Amino acid sequence: MANIKSAKKRIKVIEKKTALNRARKSQVKTAIRRFEEAVLAGNKEEAVSRFEYAQKRISQVASKGTIHKNAAARKISKLAQKLNGMNA
């Protein structure tokens, strides 16, 4: 355990940030999972709306710095490929 006051504060701050980042990542994973369920079900309209929501959530998380912007772009690209694959 830390003895210095600033180190104790850093521990508290890191715990809060870790909890926030974990919640944000969970939201992204849930949005992606729901989109993929809609794709598997073959429901085009629902898949489009869930894709838009997932894309928005991923972009927000990337803008906050929880995930890297390139990782966000890669995730969005993969989802778009799956959505476009429904047409074929």
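Guide: Lysine 8 touches Ala2 and Asn3, leaving aside residues up to four places away in sequence. A contact here means heavy atoms within 4.5 Å.

Visitor: What kind of model is this?

Guide: It is a predicted model, in which local features need pLDDT of at least 70, side-chain atom pairs count only at pLDDT 80 or more, and totals for chains, interfaces and linings use all residues. Residues are numbered from 1 along each chain as its sequence is written, and side-chain values use heavy atoms, with hydrogens and water left out.

Visitor: How many helices and strands does the protein chain have?

Guide: Both are DSSP runs numbered from the N terminus: helices are H or I with at least four residues, strands are E with at least two. The protein chain has three helices and zero strands. From the N terminus, the order is α-α-α.

Visitor: How do I read the length of helix 1?

Guide: Compare its reach with an expected span, 1.5 Å times one less than the number of residues. Helix 1 covers residues 5-41, 37 residues in total. From first C-alpha to last it reaches 54 Å, close to the 54 Å expected. Glycine 42 follows helix 1, and its phi is positive, near 80°.

Visitor: What is the radius of gyration of the protein chain?

Guide: That value is taken over C-alpha atoms, and the globule rule is 2.2 Å times the number of residues to the power 0.38. The protein chain has 17 Å, whereas a compact globule of 88 residues would be near 12 Å. The C-alpha trace spans about 60 × 20 × 15 Å.

Visitor: Which residues of helix 1 are buried?

Guide: In helix 1 the buried residues are Val28, Ala31, Ile32, Phe35 and Ala38. They pack against helix 2 (44-64) and helix 3 (69-85). An α-helix has 3.6 residues a turn, so residues three or four places apart point the same way. Across the protein chain, 22% of the 88 residues count as buried.

Visitor: Is methionine 1 buried or exposed?

Guide: Methionine 1 is exposed because its relative accessible area is 86%. Its place is in the segment before helix 1. Its C-alpha lies 31 Å from that of histidine 68, 67 residues along the chain.

Visitor: Where is lysine 8?

Guide: Lysine 8 sits in helix 1. Lysine 8 counts as partly exposed because its relative accessible area is 39%. Serine 77 is 69 residues away along the chain, and the two C-alpha atoms are 41 Å apart.

Visitor: Where is glycine 85?

Guide: Glycine 85 is in helix 3. Glycine 85 is partly exposed because its relative accessible area is 44%. Glycine 85 and lysine 64 are 21 residues apart in sequence and 30 Å apart in space, C-alpha to C-alpha.

Visitor: How far apart are the mean positions of the positive and negative charges?

Guide: Lys and Arg count as positive, Asp and Glu as negative; His and the chain ends are not counted. Each charge is placed at NZ of Lys, CZ of Arg, CG of Asp or CD of Glu. The protein chain has 23 positive and 6 negative charges, with mean positions 16 Å apart.

Key:
Buried < 20%, exposed > 50% of the residue type's maximum accessible area, 1.4 Å probe, protein only.
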